[in-house]
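Student: I have a model on screen and want to go through it. Can we take it step by step?

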Amino acid sequence: MGKTINVKKYIIDQMIQLVFFGVVGVVFYHTTSDILWVMLAIEVLIVCSCSYLLRRVLVFPLDLLFGCIEKDVFFSQICNIEKYEFFKSKCYCEWYFYFASKSTLTLLVPVCQTREEILQMDTPSTNQKVRIRYYRYSKILHSWEIR
């Protein structure tokens, strides 16, 4: 019983945000280009915010290039249910896994569902052994199956 996660809507949402940050950066550049230190401060703030908030989508091309990692782990719990920015009524979540002694792994699960649907979705049982495939750099879950 394996499940593959579709990342398309998550990537679309993140790319829209990236374009938005780009437009904001260009607008601030043109409005503050006469005052160099203000322009630099605002641009650094925008770049830092963008790189932190969109870090997963910025490294996703590397993940596509190098492929997924496959690992046998134990499922712990669903956590951090967050809303998409542009698909307002939809959410994504994170899953916690553990393996070996005290080693943990947190992966983003880019489902596009309501909060209630996420709480009711098909997940492994707590402490159940699961084989997962995930993207190395962005830490996005690609697929999972019960072992």
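Tutor: Start with a definition: buried means under 20% relative accessible area, exposed over 50%, and partly exposed in between (1.4 Å probe, protein chains only). This is a predicted model: local features need pLDDT of at least 70, side-chain atom pairs count only at pLDDT 80 or more, and totals for chains, interfaces and linings use all residues. Residues are numbered from 1 along each chain as its sequence is written, and side-chain values use heavy atoms, with hydrogens and water left out.

Student: Is Met15 buried, partly exposed or exposed?

Tutor: Met15 sits in helix H1, residues 8–32. Its relative accessibility is 38%. That value lies between the 20% and 50% cut-offs, so Met15 is partly exposed.

Student: How far apart in space are Met15 and Val130, C-alpha to C-alpha?

Tutor: In sequence, 115 residues separate Met15 and Val130. In space, their C-alpha distance is 31 Å.

Student: What pattern does the protein chain follow along the sequence?

Tutor: Helices (H or I, at least four residues) and strands (E, at least two) are DSSP runs, numbered from the N terminus. The protein chain has 4 helices and 6 strands. Their order is β-α-α-α-β-β-β-α-β-β.

Student: Which side chain makes a polar contact with the side chain of Ser138?

Tutor: Ser138 lies in the loop between strand S5 (129–135) and strand S6 (141–146). At 2% relative accessibility, Ser138 is buried. A polar contact is a pair of N or O atoms within 3.5 Å; within protein, one must be able to donate a hydrogen and the other to accept it, and residues adjacent in sequence count only if both atoms are side-chain atoms. At 2.5 Å, the partner of Ser138 is Asp63.

Student: Which residues touch the most other members of the largest nonpolar core?

Tutor: A nonpolar core is a set of buried Ala, Val, Leu, Ile, Met, Phe, Trp, Tyr and Cys residues joined through side-chain atoms within 4.5 Å. The largest has 19 residues. Strands S2, S3, S4, S5 and S6 each supply at least two residues of this core. The residues asked for are Trp95, Phe97, Val109, Ile132 and Leu141.

Student: How many residues are in the second, separate core?

Tutor: Its members include Ile11, Phe21, Val57 and Ile140. The count is 14 residues.

Student: What share of the residues in the protein chain is buried?

Tutor: The protein chain has 147 residues. The buried share is 33%.
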